[in-house]
Amino acid sequence: MEHDGVDKRLAARLSELRAERGWSLGELADRSGVSRSTLSRAERSEISPTASLLNRLCAVYERTMSQLLSEVEAEPAQLVRAADQSVWTDSASGFVRRSVSPPHAGLRGELVEGRLEPGADVAYDRPPVPGIEQHIWVLDGTLEITVQGEPHSLDAGDCLRFRLWGPTRFRCVGEHAVRYALVVVAR
């Protein structure tokens with residue numbers, strides 16, 4: 001999927017979500033902790049939102065990042081070919097996210113491939129949906145993930161699983177990029 005097209009559809013969807021709730025930019029800023037100007041620029045597609053910004057908005061709108069991104073894509077088919085998997089890049093943090101198995105009606109799980117470049121550090125101040133179940137399986141490299149204040153170092157083959165209630169932080173601590181699979185299970 002073309003990156004610019006996703007950003008434009010994402011901007012429109014963010015604007016729609018705010019309008020559906022009848023919130024002003026000021027109200028959304030108060031709820032999310034994101035400045036009005038940043039929110040306005042994101043809704044007009046003047047900036048590409050960072051992973052951290054999207055996480056804050058997802059928490060306010062009570063949806064996972066995958067759910068939000070799937071809302072700006074076409075209805076996913078049962079078979080998701082590699083060429084059809086949506087890729088979203090947060091170039092500011094060095095994070096690339098591939099929606100391998102996007103949310104689908106009637107299914108509770110989704111599969112995301114994450115890639116962090118060496119030195120990349122992505123922090124989320126809250127879960128998108130409190131109590132959501134996640135499983136992180138490192139495919140290549142070394143990932144340091146902090147879940148609710150507790151750091152974990154994962155090497156290729158290691159898996160960390162948890163219900164998410166607080167902040168998280170993902171860091172690529174090795175000399176090479178880290179690639180991991182994230183399984184999200186909705187309640």
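Contacts first: of those in the chain with a separation of 6 or more, 65% join residues 24 or more positions apart, contact meaning heavy atoms within 4.5 Å. This is a predicted model, where local features need pLDDT of at least 70, side-chain atom pairs count only at pLDDT 80 or more, and totals for chains, interfaces and linings use all residues. Numbering starts from 1 along each chain as its sequence is written, and side-chain values use heavy atoms, without hydrogens and water.

On secondary structure, the chain has five helices and 10 strands; these are DSSP runs, H or I of at least four residues for helices and E of at least two for strands, numbered from the N terminus.

Now burial. Of the 187 residues, 45% count as buried, that is, under 20% relative accessible area with a 1.4 Å probe, protein chains only. The largest nonpolar core has 45 residues, and Leu116, Leu143, Ile145 and Tyr180 have the most contacts inside it. Such a core is a set of buried Ala, Val, Leu, Ile, Met, Phe, Trp, Tyr and Cys residues joined through side-chain atoms within 4.5 Å. Helix H4, residues 51–61, gives the largest share of this core, seven residues.

What does Tyr180 touch, leaving aside neighbours within four places in sequence? Its contacts include Phe95, Val112, Leu116, Trp137, Leu143 and Phe170.

Next, helix H2, residues 25–32: Leu25, Gly26, Leu28, Ala29 and Ser32 are buried. Seen down the axis of H2, these residues fall within an arc of 165°, so they line one face of the helix; the arc is that of the directions from the helix axis to the C-beta atoms. Just after H2, Gly33 has a positive phi of about 80°.

Note on methods: Buried < 20%, exposed > 50% of the residue type's maximum accessible area, 1.4 Å probe, protein only.
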